[in-house]
Amino acid sequence: MNNSSRFHTHPAEHQTEEMARRYFAEGLPDRAAEICRQLLALHPGDAGLRELLLQAEAAIATARQGRLPPLPATDEPHGMLDLEELPEAYGIDECELIARDPFHLFAYWEVTAATLDAARHQLGDEGAQAQLILRLFLASGAATRELRDLALGEARGRRYLPAPKPGTPVRGAVGLLSPSGLFIPLAHSHGLRIPPSEMASPDLRAAWMEVAPARTVGQEREPVQIVRGPERPQPPERGPQLPRWRPGVISYSSKSGNH
Amino acid sequence: MSRGYLAIVLHAHLPFVRHPEHRYFLEENWLYEAITATYLPLLEVWQGLQRDRVPFQVTMSISPPLCSMLQDDLLKQRYAAYLDRLLRLAADERRRTAGDPTFQRLANYYGERFSRLKTLYDRISGDLIGAYRQLQFDGCLELITVGATHGYLPVIRQPEARRAQIEVACENYHRAFHRHPRGIWLPECGFAEGADELLADAGLRFFFMDAHGLLHGRPRPPLGLHAPAFTPSGVAAFARDIESSKQVWSAAEGYPGDGAYRDFYRDLGFDLPLADIAPYIHPDGIRVHTGFKYFRVTGGGIDLAHKLPYDPDLARQRAADHAGNFLFNRERQIEHLAGQMDRKPLVVSPYDAELFGHWWFEGPQFLDFLLRKIAFDQTTVALITPSNYLAEYPTNAVVEPSPSSWGDGGYSSVWVDPSNDWIYRHVHRAEARMHELAAMHRNGADPLRRRALNQAGRELLLAESSDWAFIMKTGTSVRYAVDRVKAHLARFRRLDRELSAGWIDEGWLADLEARDNIFPELDYRKWA
């Protein structure tokens with residue numbers, strides 16, 4: 001599976017011990033220390049890096065002792081303008097699911113203390129023992145069926161969980177589950193379909209459709225115009241003639257094809 | 001008469017990075033490096049083919065953030081200064097390498113290259129978008145759009161927010177290219193159920209998917225990957241051809257890893273003593289890529305210190321060889337497919353545009369050779385654009401594509417990962433709040449309030465960019481990506497607070513409009 005080359009990621013080939021030593025020698029101990037920390041995260045047992053980091057940190061401390069923090073060289077702002085930390089909580093009841101891949105879901109949720117208290121109150125004697133859970137439902141049309149429960153513990157958070165089955169439509173709800181099995185949902189996610197992990201049905205009798213081609217030059221927005229279909233043709237007597245091409249199966253000559 | 005078609009698709013995108021509050025901003029270099037390495041060299045190739053009357057058709061997506069930056073006066077001025085700096089460095093390098101014929105030759109090579117690019121940039125008056133628009137008008141390029149800020153649709157929750165990514169993109173395209181786009185590159189090829197309906201509503205005729213997105217569709221596409229399929233809403237899905245992608249992309253088997261090609265990592269910005277390179281790197285002494293790279297890949301696993309000097313003639317010959325090999329393989333592939341289909345097969349080969357020139361320095365030369373060979377050296381393969389293929393074959397099978405992306409693993413694991421998943425709760429909250437604000441003011445608002453609502457839309461769009469999550473996952477420039485998400489959401493929340501309180505700080509709003517100036521004609525009612 002290929003991935004995008006993505007311009008903005010300069011792979012960290014310059015984050016080397018050699019580069020850290022150069023920065024240190026050039027009087028930039030903070031840059032040297034930064035590279036050392038990144039490399040130590042990958043190679044925590046590297047004594048040479050650790051020694052260099054200590055030297056760089058000592059140099060930074062020495063530089064700080066003798067002077068006040070440097071003033072900005074110009075009237076430019078420091079760092080990103082308008083930067084603020086994000087709120088810890090929004091004071092709402094919510095739950096959301098995202099399909100990470102055919103086998104994993106990502107969930108985040110938040111339930112307010114007031115909502116939890118009200119739900120526990122509603123459960124009466126069982127309220128104190130009720131557990132906050134994420135319940136997954138099969139969500140196909142109007143039908144719903146419970147698929148799985150996951151204990152949450154915290155009133156807000158995020159977590160990965162195994163997906164019930166590739167290709168399944170699911171919905172989630174955060175709620176309280178009483179010891180006797182009564183479930184009070186407190187927040188619902190949107191519905192989603194977990195991506196399938198393999199080819200769909202071998203039924204190849206697709207319907208066909210004709211769409212009017214876009215006109216050629218200088219057009220304004222024009223609607224997609226379905227001219228005909230979808231129509232499912234009569235089953236052919238011997239089945240459709242299908243391409244048997246499978247990428248990578250046929251090997252071509254590797255010779256340079258200068259024609 | 002050809003037996004089949006090849007659609008080359010180049011996806012050009014950079015995140016919106018513009019910091020007028022700073023005289024020098026490290027991440028703005030992404031744009032300047034890409035103009036120098038990719039967008040100008042590709043333009044040079046397209047114009048050269050035109051000049052030599054070589055018929056060609058290539059599809060290019062230009063994302064709205066990139067389009068906006070290429071049209072921005074401040075960034076254009078800064079780019080011109082960047083190019084001048086390169087020319088000064090070239091002069092310094094000619095002097096420094098005077099006693100060494102190998103490196104003197106390379107210094108001269110770069111000096112001539114940057115002079116040529118400057119001449120081209122001056123000739124088009126810095127208007128790259130205008131130059132690409134002309135190529136589309138001449139029928140050489142089909143330009144398509146991309147999600148407004150490269151928002152990855154599978155993680156955008158609010159339907160109105162998804163719609164806004166598509167609609168705003170189409171408007172941006174119209175403003176730049178003077179017509180409505182026919183196709184779209186879904187960011188990261190991220191297809192989510194229902195996305196095709198948004199595209200149909202926006203009048204878009206086609207999009208691209210990774211191969212498994214179509215192969216796993218319902219029902220299975222009867223013509224496989226080598227013909228488009230219509231989604232039930234009538235929009236055509238074109239699938240990426242696996243083999244031709246691998247020949248170029250694959251780290252192990254791909255062309256760019258050939259030992260003759262220029263090495264990306266070894267750069268003068270990291271090689272010269274600080275005192276010598278200081279005028280050409282970050283003012284704080286942070287070493288950066290300068291574009292002067294004197295070494296070649298040499299071989300797999302070779303340490304940077306042991307690379308051999310670059311030889312432009314050898315690399316050029318290798319690019320010609322690889323173009324021939326690529327074409328040879330496409331001919332065999334098409335001959336094989338043509339015998340088994342009721343129509344001419346189509347091989348769709350999409351790549352990030354920045355692969356050509358930035359990562360793979362000889363990539364534009366490869367394309368130049370390839371397009372000339374296709375035109376003159378054979379008759380099996382012809383180039384085509386998606387629009388022209390649909391005009392020739394307006395009847396196609398109907399398939400419901402499967403959720404997918406072209407990221408690692410084929411789904412969302414790059415953008416939904418422990419390194420970046422904290423984003424979504426906050427972005428989704430802003431999406432929901434934007435919808436509420438827009439619905440509240442559905443029937444209009446006074447001018448100041450309207451400006452604040454529009455700016456809130458811009459901040460939300462910028463926070464939704466898939467680039468931030470991608471950068472967090474890959475582990476480079478993480479601090480910048482984290483700060484960008486937090487800053488855009490903080491600006492959004494402040495606008496929300498001020499709109500709710502009925503008091504808007506006009507001075508701050510004006511400053512914000514001047515800084516995050518993407519999409520000047522945005523209308524907040526898209527989120528209603």
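Q: A salt bridge is a side-chain nitrogen of Lys or Arg within 4 Å of a carboxyl oxygen of Asp or Glu. Which residue of chain B forms a salt bridge with A:Glu110?
A: This is a predicted model, where local features need pLDDT of at least 70, side-chain atom pairs count only at pLDDT 80 or more, and totals for chains, interfaces and linings use all residues. Residues are numbered from 1 along each chain as its sequence is written, chains are lettered from A and ligands numbered from 1 in the order in which they are written, and side-chain values use heavy atoms, without hydrogens and water. The closest N and O atoms of this pair lie 3.5 Å apart. The partner of A:Glu110 is B:Arg425.

Q: How many salt bridges, and how many residue pairs in polar contact, lie across the interface of chain A and chain B?
A: The rule finds 10 salt bridges across this interface. A polar contact is a pair of N or O atoms within 3.5 Å, one able to donate a hydrogen and the other to accept it within protein; residues adjacent in sequence count only if both atoms are side-chain atoms. With both residues at pLDDT 80 or more, the residue pairs in polar contact number 29.

Q: Which element gives the largest share of the side of chain A that touches chain B?
A: Helices (H or I, at least four residues) and strands (E, at least two) are DSSP runs, numbered from the N terminus. Several elements of chain A supply at least two residues each, among them helix H1 (17-25), strand S1 (94-101) and strand S2 (104-110). The largest share, seven residues, comes from S1(A).

Q: How much area do chain A and chain B bury between them?
A: Contact (heavy atoms within 4.5 Å) links 102 residues of chain A with 128 residues of chain B. Buried area is the accessible area (1.4 Å probe) that two parts lose on being put together, summed over both. Carbon and sulfur atoms account for 58% of it, and the total is about 10200 Å².

Q: Which residue stands opposite A:Trp208 in S10(B)?
A: Two strands pair if DSSP finds at least two bridges between them. S9(A) and strand S10 (residues 395-397) of chain B run antiparallel, joined by three bridges. In this pairing A:Met209 faces B:Asn396. Opposite A:Trp208 stands B:Ala397.

Q: Which residue of S10(A) stands opposite A:Glu210?
A: S9(A) also pairs within its own chain. Three bridges join it to S10(A), and the two run antiparallel. The residue opposite A:Glu210 is A:Arg228.

Q: How far apart are the centres of domain 1 and domain 2 of chain A?
A: Domain bounds come from an automatic or database domain assignment. For chain A it gives domain 1 (14-65) and domain 2 (94-193). Taken over C-alpha atoms, the separation of their centres is 46 Å.

Q: How much area is buried between domain 1 and domain 2 of chain B?
A: The assignment for chain B gives domain 1 (4-13 + 43-68 + 141-253 + 341-409) and domain 2 (417-527). Their contact takes 23 residues from domain 1 and 18 residues from domain 2. Carbon and sulfur atoms give 60% of the buried area, which is about 1800 Å².

Q: Which helix gives the largest share of the side of domain 1 of chain B that touches domain 2 of chain B?
A: Two salt bridges cross this interface, and 11 residue pairs are in polar contact (both at pLDDT 80 or more). Helix H2 (64-70) and helix H6 (159-177) of chain B each give two or more residues to the domain 1 side. The largest share, nine residues, comes from H6(B).
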